[in-house]
Amino acid sequence: MIKDNSEINTLTERKRFIGAPLRRLTGFFSWTAFSGVYIFLYAPLLIIAIFSLNDSLVQSLPWSGFTTKWYEAIAEDGQLRSSITFGLTISLLVVFFSSIIGTYFAVAINSSTGRAPKILLATVVIPAIVPGVVLGLSLAITFRMAGLEPGLLNIVIGHLTFTVPVVTLVVLNRLRTLDPSFTQASMDLGANRWRTFWYVTFPLVRTAILAAALLTATLSFDEVVITFFLAGTQQSLPLYIWAQTRFGFTPSINAIVTLIGLISVILIVFATRSIEKNLESNKSADKKL
Amino acid sequence: MLDGTKGIYPAVVRFVDVSKRYKDSTSLAVDNVSFEVYPGEFFSILGPSGSGKTSCLRMIAGFEQPTSGQITLENTNLVGVPPHLRNVNTVFQNYALFPHMSIEENVSYPLRMARIKKTEIQQRTKEALLLVEMHEFARRLPHQLSGGQKQRVALARALVGKPKVLLLDEPLGALDLQLRQQMQIKLKDLQREVGITFIYVTHDQGEALSMSNRLAVMSSGRIEQIGTPKDVYFRPKTYFVAGFIGRANLEPGVVEISQGNVVGRWGDFVFPVAKETPLGPCVFSLRHESVNVNGGAGEISAVGVIRDIVFLGDSLEVFVFVNGLTLVAKTQMQIGSDLKIGQDVIVSFKSADVVRVDG
Amino acid sequence: MAKSVSLSSKRISFSKRLSLAPLLFWSILLVLTPNALMVVYSLWKSEDGVLKRVMSIDNYIEAFTNPVAISVLTRTIIVALGASTLATLIAYPTAWFVVRRLSKRRLLAVLLVIVPLWISFLIRVYSWKLVLGERGFINSTLLSLGLIDKPLTFMLYSSFAVFLTLTYVAIPFCFVSSYSALERLPNSLLEASADSGATPFQTFRTVIWPLTRQGAAIGFSLALLLSCGDYLTPAMVGGLNGTMFGSLVITQFGLTNNWPLGAAMSVILLLITAMFLAVLARITRTEGTLD
């Protein structure tokens with residue numbers, strides 16, 4: 001395909017000439033690689049979904065037939081149901097408390113100056129970045145020395161240690177982008193700090209708090225390692241699933257897992273849509289650059 | 001009174017030797033400032049950015065505290081009092097309308113915070129909105145309004161609580177020229193109608209001169225001069241004021257005694273000055289429009305040569321080299337349309353229009 | 001305001017801020033105390049499941065000299081580093097591709113990467129069991145295609161499985177942080193570089209990489225952090241040959257009931273991760289920032 005080189009005398013011409021087919025080749029290659037990444041990300045999940053409908057006790061091809069019996073089995077599993085209820089209880093408690101505490105922390109930090117708020121923020125964030133086993137063990141030790149039995153209270157407190165930082169950071173980030181003249185105007189017009197927060201600041205950071213609460217809910221519901229350290233006899237859903245996979249293999253696990261995956265995706269889509277709607281009107285609250 | 005003018009009523013806002021130094025700053029943002037504002041007047045603080053004018057305003061509002069000195073509101077010391085307990089309201093530069101509240105909720109906010117009866121709140125909110133002609137927009141949200149409309153709502157919100165003083169922080173800065181000029185007239189009328197003391201901060205001298213009863217000119221944290229617009233314009237006391245307000249010729253000269261009279265020597269010009277004028281080197285200020293070419297009043301005159309002509313639309317600026325000085329004359333188009341560069345002209349001015357300022 | 005407050009008598013000290021005391025309280029009670037107690041515990045001993053409150057560094061000596069512990073620790077570090085590196089190597093170019101080549105579908109592409117993050121971590125690890133197992137997807141496909149006679153056993157319950165799964169889990173994190181760094185790179189910089197005669201590779205080396213490597217590093221650190229201390233992945237897909245350090249800690253917590261030893265191991269783990277992070281922060285510091 002390459003012409004006689006003596007006819008091509010400038011560097012650019014040569015490059016352009018070879019360039020085109022080469023570019024097309026690399027273009028094709030990069031698109032393939034790119035899509036490959038996405039396939040890699042989703043394939044395992046799809047495989048679970050497929051196998052959850054497979055009428056076979058083993059996860060392998062060939063396909064034994066389409067069935068929904070694994071899904072039906074879920075409804076009858078009492079232990080599964082109680083683990084779901086327990087997990088939801090934990091999550092609700094954790095979301096409730098971490099939203100309040102995290103928002104307070106964010107507002108307090110944002111309205112303070114000096115080094116103290118920076119140091120305190122860093123300290124509060126530590127549990128969110130240490131490895132799960134470390135956090136779990138340290139909390140288990142603490143609770144044992146405090147005489148607290150493993151169970152709901154311990155789990156909730158344990159989850160709070162790493163969810164409160166998340167809420168704090170999300171809300172703090174939003175506070176920092178807010179135009180400060182709103183709080184000033186509010187105080188100028190006669191509202192003290194508490195009323196300013198309630199009437200002016202809070203409505204403007206509501207979406208951030210909501211987003212953080214959502215994040216917290218998923219983090220808490222899905223949490224395995226720390227819960228493992230702090231749980232008593234009653235298991236949360238992930239703990240239940242995990243126990244099941246260690247000791248045996250019922251394909252109904254596939255069904256449960258697929259369901260959870262679907263519900264999560266639906267929730268996210270729903271949540272992001274409603275948050276986006278809120279975002280538009282709040283854009284006018286941003287700092288003018 | 002502190003600035004030499006006579007006041008009939010006691011001051012509503014008084015600054016006494018107020019200074020402000022911000023954290024981590026070596027210089028004073030406000031340097032030993034004292035002034036008084038009288039009830040019912042439209043008082044402006046004029047100055048370039050960094051002059052300290054906004055800091056003064058924020059200290060009245062309560063968002064900053066003075067490092068030293070006293071600020072009083074009707075004889076009550078304001079130092080240490082938080083903003084929400086001060087009977088002053090601010091119109092912010094970016095309006096600061098609460099984006100999640102309707103116009104009505106925004107305007108009624110101060111009344112709601114004061115826990116006034118509901119019926120009274122409704123009544124007063126309606127009045128305030130009517131006052132700024134925004135009554136029809138009561139249910140709208142701020143982001144649906146234009147800049148000028150937002151500004152009027154911000155005004156209504158600041159006035160509805162009947163504060164003792166209204167503080168305005170460059171409120172017209174974000175509006176285009178036409179709108180700005182309209183709003184200037186409206187603001188002035190509004191202030192007269194409502195009777196509340198306005199303290200208006202701006203860097204735009206046109207605004208300050210056209211709207212104020214009195215104004216203070218600030219530079220680098222200090223007050224250069226306080227007076228009525230005419231005082232400040234025609235009788236600037238300092239070099240800064242002479243140069244900042246309007247356009248003037250500022251050239252060095254000297255005041256000396258000649259044949260028993262006190263005269264000013266400016267280039268080759270010699271003219272009589274007031275007996276009390278301090279002797280010695282100084283700077284003389286003469287407004288561009290006070291300099292005439294080829295006609296016009298003025299007993300001091302000489303022949304000069306035109307160096308440059310600048311077209312300004314409604315007028316011309318003529319740069320003339322005369323008697324050792326380069327003076328700029330501002331003339332109307334009719335008079336100056338046939339002037340050319342290099343031409344000889346007669347330059348004349350009244351000696352009374354020349355102001356001596358410190359160099 | 002209609003209120004007439006006698007200002008001179010009510011000299012209110014206007015504290016401009018909400019109290020930071022609750023933060024202090026929280027930090028001490030829930031952050032500092034557990035870690036302090038863990039250190040104390042690590043210095044105690046457990047004999048036959050009974051806690052002996054004597055101070056000694058025996059646990060640390062044990063952790064550093066026990067051949068099992070050492071090999072597991074080494075393996076953990078290697079696997080964690082490897083997985084994080086591979087994840088970054090995959091995620092960064094992908095993010096670059098999304099930023100440069102996609103305009104309409106960009107949001108969708110980003111969302112598609114983020115969605116797996118919301119699906120339970122447990123589920124994502126579990127899915128690899130199905131894929132890699134002896135009777136899992138890969139094996140059964142290869143068998144039925146006749147490409148192999150016996151199922152491949154090295155895939156599941158090995159460090160390879162842990163490595164692969166950790167990479168898989170880490171990719172979204174690396175992608176998100178690389179993407180946000182790459183997205184902020186102004187197009188005009190690239191144009192200026194090309195205009196000055198730089199080849200694409202030179203542009204990458206001198207402009208793109210220095211300004212976005214911090215994003216890649218943050219993703220890498222996140223992945224490293226997760227991988228080092230992870231217990232779930234080795235538990236589900238690691239088997240005996242794939243144990244990682246996190247598993248050892250859990251064993252002390254559960255099976256052998258030697259909490260002090262577990263505590264010592266936790267402290268070691270903590271120090272290692274802190275060290276990694278510090279080194280990384282150092283290496284990727286770039287002068288000047290993108291606005």
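**Exercise 1. Describe chain B as a whole: how many helices and strands does chain B have, and what are its span and burial?**

Step 1. Chain B has nine helices and 20 strands, where helices (H or I, at least four residues) and strands (E, at least two) are DSSP runs numbered from the N terminus. The model is a predicted one, in which local features need pLDDT of at least 70, side-chain atom pairs count only at pLDDT 80 or more, and totals for chains, interfaces and linings use all residues. Residues are numbered from 1 along each chain as its sequence is written, while chains are lettered from A and ligands numbered from 1 in the order in which they are written.

Step 2. Along its principal axes, the C-alpha trace of chain B spans about 75 × 45 × 40 Å. Of its 359 residues, 43% count as buried, a residue being buried if 20 or more other C-beta atoms, placed from the backbone, lie within 10 Å of its own, exposed if 12 or fewer do, and partly exposed in between.

**Exercise 2. Find where confidence is lowest and where it is highest in chain B.**

Step 1. The pLDDT, which is the predictor's confidence in each residue on a range from 0 to 100, averages 89 in chain B, and 97% of the residues score at least 70.

Step 2. Confidence is lowest in helix α9 (residues 333-336) of chain B, with a mean of 74, and highest in strand β3 (residues 42-46) of chain B, at 96.

**Exercise 3. Identify the strands with which β1 of chain B pairs over five bridges.**

Step 1. Strand β1 (residues 13-20) of chain B pairs in the antiparallel sense with strand β4 (residues 68-73) of chain B over five bridges, and here F15(B) stands opposite I71(B).

Step 2. Five bridges also link β1(B), again in the antiparallel sense, to strand β2 (residues 30-37) of chain B, where V18(B) faces V33(B).

**Exercise 4. Characterise the side of chain A that touches chain C.**

Step 1. Chain A brings 58 residues into contact with 62 residues of chain C, two residues being in contact if their C-beta atoms, placed from the backbone, lie within 7 Å.

Step 2. Several elements of chain A give two or more residues to this side, among them α1 (11-52), α3 (78-110) and α11 (252-282).

Step 3. The residues of this side of chain A divide into 42 nonpolar, 15 polar and one charged, with Ala, Val, Leu, Ile, Met, Phe, Trp, Tyr, Cys and Pro counted as nonpolar, Asp, Glu, Lys and Arg as charged, and the others, Gly among them, as polar.

Technical notes: Pairing = 2+ DSSP bridges.
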